[in-house]
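Good morning, everyone, and thank you for making time for this. Please take a moment with the sequence and the model before I walk through a few parts of it.

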Amino acid sequence: MPEQSRLTPDASRRQPWLHELELAVHGNATALSARDGTMTAPGTGVFVDDRRVVSHLRVLADDHAGDLVMSSSVGPETHVLTSLRHLGTPGPDPTVELRRVRAVHDAGMTETIRLTSRAAETVRTRLVVEIGGDGASLGAVKSGEPAGPLLPTMTAGARTPDVVLTWSDDRHLTHVVTEPRPSAVEAGEPDRPSRIRFDLEVPPGQTRSVRVSVVTQRLAATAFDADPGADLVDWSSVLVEAADTRLDVVVSSALEDLRQLTMRDPDAPDDVFAGAGSPWYLTLFGRDSIWAARLSLPFGTTLAGGTLRTLARRQGRVDDPTTAEEPGKILHEVRRERYVDDVTGLALPSTYYGTVDATSLWVCLLHDAWRHGLPEDEVRDLLPPLRAALGWIARQVQDSPDGLLRYVDRSGTGLANQGWKDSGDSMRRSDGSIAPAPIALLEAQTYAVEAAREARALLEALDAGTPQELADLDRLADALATRVREAYWVRGPRGPHLAMALDADGRPVDGIGSNMGHALGSGALTADEAALVADTLTGPDLLGPYGIATLSRSNPAYNPIGYHTGSVWVHDTAIGLLGLVAEGRTERAGDVARSLVASSVAFGYRWPELYAGDPVLGRPAPYPASCRPQAWSAASAAAVVTAVLGLRVDVPGRHVEVRPLPSLPFGPLTVRGLRFGPTAFSVTVAADGTATVEGLPDDVTVATA
């Protein structure tokens, strides 16, 4: 999902690293700070609609920043605890603490600063909040441009008693509101932040609080003014109680992060989708938003329905090489404005269609949402875009010289690789060399097989497909599955395996990679082929203690911290896990599930997008520029639950299957808040593997192991 290009980067600037920052997010707003809460380092600030409205924030007590004790973030909140050791009773134990609770909200944030004294005498201090904004664009910040001069700031007049400071850029008007009123306010200059002062007295055992809010107002519209959608998604009833309590925290934290990443379609505010990730991708991404909705289906169809409709409204209508738009094609991303990254040379229009797989994945999401209970009238309303998507897939296959889905960037400034492994060096042969584009990705073919077969099942069940239409879908699926069988199987030192792709010359890209995991459960493989893939995917060359590597450890190009050349991507491992379960290859599925939970714990129960799977002193190393939270990473928690339960929901068929993993990787457990259409139900798995299902309607049949 993060965008790479074929162009040479500008070495004079570097993308900010995020792995040691605290991040809080709520829809289109996100706040990034150092662990002590300060916003002065590269990449930090408060961003709204891809603009940095706050670029400088510090809290000082008598010109002391305090000593950090701990910090943590989940969803829209960041908590920071510091000690003010220059205040209070002298001695080895600190007696005055400063606690900051930052809450990102609609179009801004509120920071509550609490000063607590356990000193023997009353503490007096001058608390100062330094603040200012530079209005920088997200692209400029991401490409490593230094913070610009602070915007001109005005102190408020008597007619706005709650507002103490105001500034504006070409996108937003920003107000700073405090409670209580400050003792003094000093407007800043371009090279000096504004200062808000509070004179506080704190008696022994008491706390004094100050609240500082940043509130923004849009001054100009953009191409995609998406507002937060968390209030439309209700996962409050979801509760996991496992013997291994790590799973409980993984699921609750991840779902809260995913909920806070959701946004409303500006053209239909009742429809919600997941923005891909904070901070760089808080917008609609076809592939990412689809996978986030698809993985989270066990907990309801609200996100899936909104995502399907939001993307369908923007489905391709014409041929346009500049945007890569084509009739029936599902887009890659929508930005608020044209996106330019001076470091990579990437230049994308605000709506960009450069993806080879989002169209097939959209079809798969519609089928899966229907199975999980998306109302039939909503499904039928989406049949026209379904047919348009299937038409795009069929044309791509028909027009391709080798009968495969391929891609090529005709603009010269778009994505060189248009699958999920979109970096320019991701496709590696077994000798480590880079395969030339355009590429025919393995997973793009198997997604299309799955899309054709699932679309056929959906149209037939709704009595909405003609015999010719159903026969054409059968032929499309069979032809692609045959091409995969004929062209992608190669023989390596350890036996046959699936190639990652075919290169521009039609030769297999024979490096061993995680791509093959996406073929599992797609219907493109025979049982024997699935067994070979499962063995390779869970072998020591790919599966490590923290997930499945993107590239085999035996490949000369393997780099555990390489973007797609050895790192572990959370969603990639989760998709492989679901595929193992779908194919009945559960022997190692428990190990894969445990690897994901172990990695989440190592990152404070908040998965980044990717990380190095080879441990350093028993911990996975961060990929320093990785976004977090990330939608498809957070949604992977639901995939772990699905896999552990062996859950399959079929609302139209009035049937549920629960076949828990034999290894019980997290011990006995109960999962509440699962959804059968509008009905909540629960599953309990006992120590002997026996499953009990409660809460389903009486006419639903249940199959358990």
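This is a predicted model: local features need pLDDT of at least 70, side-chain atom pairs count only at pLDDT 80 or more; totals for chains, interfaces and linings use all residues.

In which helix is the place of Ser633? Ser633 sits in helix α13, residues 631-634, where helices are DSSP runs of H or I with at least four residues, strands are runs of E with at least two, and both are numbered from the N terminus.

Residues are numbered from 1 along each chain as its sequence is written, and side-chain values use heavy atoms, with hydrogens and water left out.

Ser633 counts as buried because its relative accessibility is 0%; buried means under 20% relative accessible area, exposed over 50%, and partly exposed in between, with a 1.4 Å probe and protein chains only. Leaving aside neighbours within four places in sequence, Ser633 is in contact (heavy atoms within 4.5 Å) with Val570, Trp607, Pro608 and Glu609.

Let me turn to strands, which pair if DSSP finds at least two bridges between them. There is an open sheet of 3 strands, in the order β31-β32-β33, with antiparallel pairing, and its edge strands, β31 (568-569) and β33 (619-622), each pair on one side only. Strand β32, residues 610-616, is joined to β33 by 4 bridges, and Val616 stands opposite Arg619 in β33.

My last element is helix α5, residues 358-371, whose 14 residues should span 20 Å at 1.5 Å a residue, and whose end C-alpha atoms are 20 Å apart, which agrees; the expected span is 1.5 Å times one less than the number of residues. Since 14 of the 14 residues of α5 are buried, the helix is largely enclosed by the rest of the structure. After α5 comes Gly373, with a positive phi near 110°.
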